[in-house]
Amino acid sequence: MDSVFIVVALGAIVAGFVQGLSGFAFGMVAMSFWAWGVEPRMASAMSVFGALTGQLLAAFTVRRKFHLSTVLPFLLGGIVGIPIGVSLLPRLDVNLFKLCLGMILVIWCPIMLFSARIPPIRHGGRVADGIVGVIGGIMGGIGGFTGIAPTLWCTLRGFDKDKQRVVIQNFNLGALIVTMGVYVGTGIITRDMLPMFAIVAPAMLIPTLIGTRVYIGISDVTFRRIVLTLLTCSGVAMLVASVPRLLA
């Protein structure tokens, strides 16, 4: 059991720093550690709890001008998508889900990373933003992966780092609050998980705050590279975790 505690704490430390820096990715980074020694239901619950804790910390340490008209379509879409994701969780082959998502990230993100001339997407407007919010909500309900779709979409939109941070931070915060409420209401989160939550929260506290300070000092170009690199690494981690289990 001691080794499980170490794995949980280490995953929370690394994921906390990454989330503080990028505004997302707690679940993806933490899962790359927890997938090896933590039961999937517990890992999903800890992922949502840790991501929500990190977003609450960031909300007080990284404040940017709030644009309701920009964030609202994502939030409304997320509210629609979260119950869908939660209902899919017991029926979903999590390894197959990780395989598909990992392949998309591993193929598409490096293309964007090395192709600076890809023109930003200007079409679709708020409807497209809302659809992306639904996708983010579904993924959040499945395992706390709320930030992947909106982050990739904001990058495709060509948002600067502060505008992207506003969207991702507020979308994740709202979506994770709803997801946590649904998890508690449906019994996915139980009292026996509280000791693990008590490990995650203090382990991620200082790394998250350090990550937020690093974010403030980087440029838009550097931020874009960090985001796409993180998404690519997350895709690789998902493939590494899922492929052996599917083959077995």
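In this predicted model, helix 7 is largely enclosed by the rest of the structure, because 10 of its 10 residues are buried. The buried residues of helix 7 are Ile-148, Ala-149, Pro-150, Thr-151, Leu-152, Trp-153, Cys-154, Thr-155, Leu-156 and Arg-157. Just after helix 7, Gly-158 takes a positive phi of about 80°.

Two packed helices are described by the angle between their axes and the distance between the axes. Helix 7, which spans residues 148-157, and helix 8, which spans residues 161-186, have axes that come within 10 Å and cross at roughly 165°. The two helices, helix 7 and helix 8, are therefore roughly antiparallel to each other, since an angle over 145 degrees is counted in that way. The crossing of helix 7 and helix 8 is right-handed. On the side of helix 7 the contact is made by Pro-150, Thr-151, Cys-154 and Thr-155, and on the side of helix 8 by Gln-164, Val-167, Ile-168 and Phe-171. When the residues of this contact between helix 7 and helix 8 are sorted by class, 5 are nonpolar, 3 are polar and none is charged.

The packing of helix 7 with helix 5 is described in the same terms. Helix 5, made up of residues 94-114, packs with helix 7 at an angle of about 20°, and their axes are 12 Å apart. This angle makes helix 5 roughly parallel to helix 7, because angles under 35 degrees count as roughly parallel. The crossing of helix 5 and helix 7 is left-handed. Helix 5 contributes Leu-101, Leu-105, Trp-108, Cys-109 and Met-112 to the contact, while helix 7 contributes Ile-148, Leu-152, Thr-155 and Leu-156. By class, the contact of helix 5 with helix 7 consists of 8 nonpolar residues and 1 polar residue, with no charged residues.

From helix 4 the contact draws on Thr-70, Val-71, Phe-74, Leu-75, Gly-78, Ile-82 and Val-86. The residues on the helix 8 side include Lys-163, Val-166, Val-167, Asn-170, Phe-171, Gly-174 and Ala-175, and also Val-178, Thr-179, Val-182, Tyr-183 and Thr-186. The residues of the contact of helix 4 with helix 8 divide into 12 nonpolar, 6 polar and 1 charged.

Individual residues of helix 8 were examined next. Asn-172 lies in helix 8 and, at 2% relative accessibility, counts as buried, because the limit for a buried residue is under 20% relative accessible area. A polar atom of the side chain of Asn-172 lies 3.1 Å from the backbone oxygen of Gly-23. Not counting residues up to four places away in sequence, Asn-172 touches Gly-23, Phe-24, Gln-55, Thr-146 and Gly-147. Arg-165 also lies in helix 8 and is likewise buried, with a relative accessible area of 2%. The C-alpha atoms of Arg-165 and Leu-239, which are 74 residues apart along the chain, are separated by 27 Å.

Arg-165 is also one of the residues in contact with Leu-21, whose place is in helix 1, residues 2-22. Leu-21 is buried, with a relative accessible area of 9%. Leaving aside neighbours within four places in sequence, the contacts of Leu-21 are Arg-165, Gly-211, Thr-212, Val-214, Tyr-215, Ile-218, Phe-223 and Ile-226. Although Leu-21 and Ile-210 are 189 residues apart along the chain, their C-alpha atoms are separated by 7.9 Å.

Helix 2, formed by residues 26-34, is largely enclosed by the rest of the structure, because 7 of its 9 residues are buried. These buried residues of helix 2 are Phe-26, Gly-27, Met-28, Val-29, Ala-30, Met-31 and Trp-34. Ser-219, in turn, is placed in the loop between helix 9 (194-216) and helix 10 (220-247), and at 38% relative accessibility counts as partly exposed. The side chains of Ser-219 and Thr-222 are joined by a polar contact of 3.0 Å.

How values were computed
Residues numbered from 1 in each chain as written. Predicted model: local features only at pLDDT ≥ 70, side-chain atom pairs only at ≥ 80, totals over all residues. Heavy atoms only, no water. Axes fitted to C-alpha atoms, helices over the stretch in contact; angles between N-to-C directions. Helix = DSSP H or I, 4+ residues; strand = E, 2+ residues; numbered from the N terminus. Parallel < 35°, antiparallel > 145°, perpendicular 65-115°, else oblique. Left-handed = near helix turned anticlockwise from the far one by under 90°. Contact = heavy atoms within 4.5 Å. Nonpolar A, V, L, I, M, F, W, Y, C, P; charged D, E, K, R; others polar. Buried < 20%, exposed > 50% of the residue type's maximum accessible area, 1.4 Å probe, protein only. Polar contact = N/O pair within 3.5 Å; in protein donor to acceptor, adjacent residues only side chain to side chain.
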